[in-house]
Amino acid sequence: MYRRTFLKRVSTGVVLSCCGSFVAVGNLFAKVSDQIKVWSAVKGAYIMASKVNKSKEEWQKILTSEQFHVTREHGTERAFTGEHDKRYEAGVYQCICCGQDLFSSDHKYDSGTGWPSYYQPIAIENIGLTKDRSWLMVRNEIHCSRCKGHLGHVFEDGPQPTGLRYCINSVSLDFVKA
Ligand SMILES: [Zn+2]
């Protein structure tokens with residue numbers, strides 16, 4: 001008598017389900033990159049700050065029409081009209097949109113251009129630079145690193161020690177007296 005053995009072949013498919021993990025990792029990175037390291041004048045130290053993302057409508061609710069035009073539409077205020085052009089009190093200039101510290105009175109000087117001018121930002125991490133190719137010129141546009149609000153432009157004709165001129169719109173700034 002033969003015992004017949006039947007081998008049952010079971011084909012097993014291995015499905016690598018990794019897409020879910022990638023999504024999770026992607027979200028994690030997104031959360032981490034929402035935080036940026038910036039200088040805080042009050043704390044005298046670097047802090048982690050959350051980036052600010054608002055819709056056009058949200059910005060319009062909290063800014064005047066001139067502040068909105070300059071900071072969110074890359075506008076420029078008329079020279080010699082801004083409230084901070086001739087201000088030389090000790091203090092810190094903050095972003096009008098999100099309150100981030102941007103410039104210090106320690107680095108302000110009279111460029112004679114009619115716009116508040118500084119030879120350096122309060123910390124390089126607090127601003128961002130992009131190439132601006134409008135008006136048939138290539139200029140370095142400056143914005144707040146936290147909310148992307150447009151501030152002005154930087155030129156290479158400033159005083160020492162940097163030789164740079166950060167030419168900023170007054171309406172992009174709020175002044176906090178020291
Ligand atoms: Zn800002």
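This is a predicted model: local features need pLDDT of at least 70, side-chain atom pairs count only at pLDDT 80 or more; totals for chains, interfaces and linings use all residues.
Reader: What makes Lys-54, Phe-68, Arg-72 and Cys-97 contacts of Trp-59?

Author: Contact here means that two C-beta atoms, placed from the backbone, lie within 7 Å. Leaving aside neighbours within four places in sequence, Trp-59 meets that with Lys-54, Phe-68, Arg-72 and Cys-97. Numbering starts from 1 along each chain as its sequence is written.

Reader: Why is Trp-59 called partly exposed?

Author: Buried takes 20 or more other C-beta atoms within 10 Å of a residue's own, exposed takes 12 or fewer, and partly exposed is in between. Trp-59 has 18 such neighbours, so partly exposed it is. Its place is in helix H2; helices are DSSP runs of H or I, at least four residues, and strands are E runs of at least two, numbered from the N terminus.

Reader: Which residues of helix H3 are buried, and what covers them?

Author: Gln-67, Phe-68, Val-70 and Thr-71 are the buried ones. Their cover includes helix H2 (56-62) and strand E9 (150-155).

Reader: How do you know that E7 and E8 pair?

Author: Pairing needs at least two DSSP bridges between strands, and six bridges join E7 to E8, running antiparallel.

Reader: What makes E5 and E7 edge strands?

Author: The open sheet has the order E5-E6-E10-E9-E8-E7, with antiparallel pairing. E5 (108-109) and E7 (127-132) each pair on one side only.
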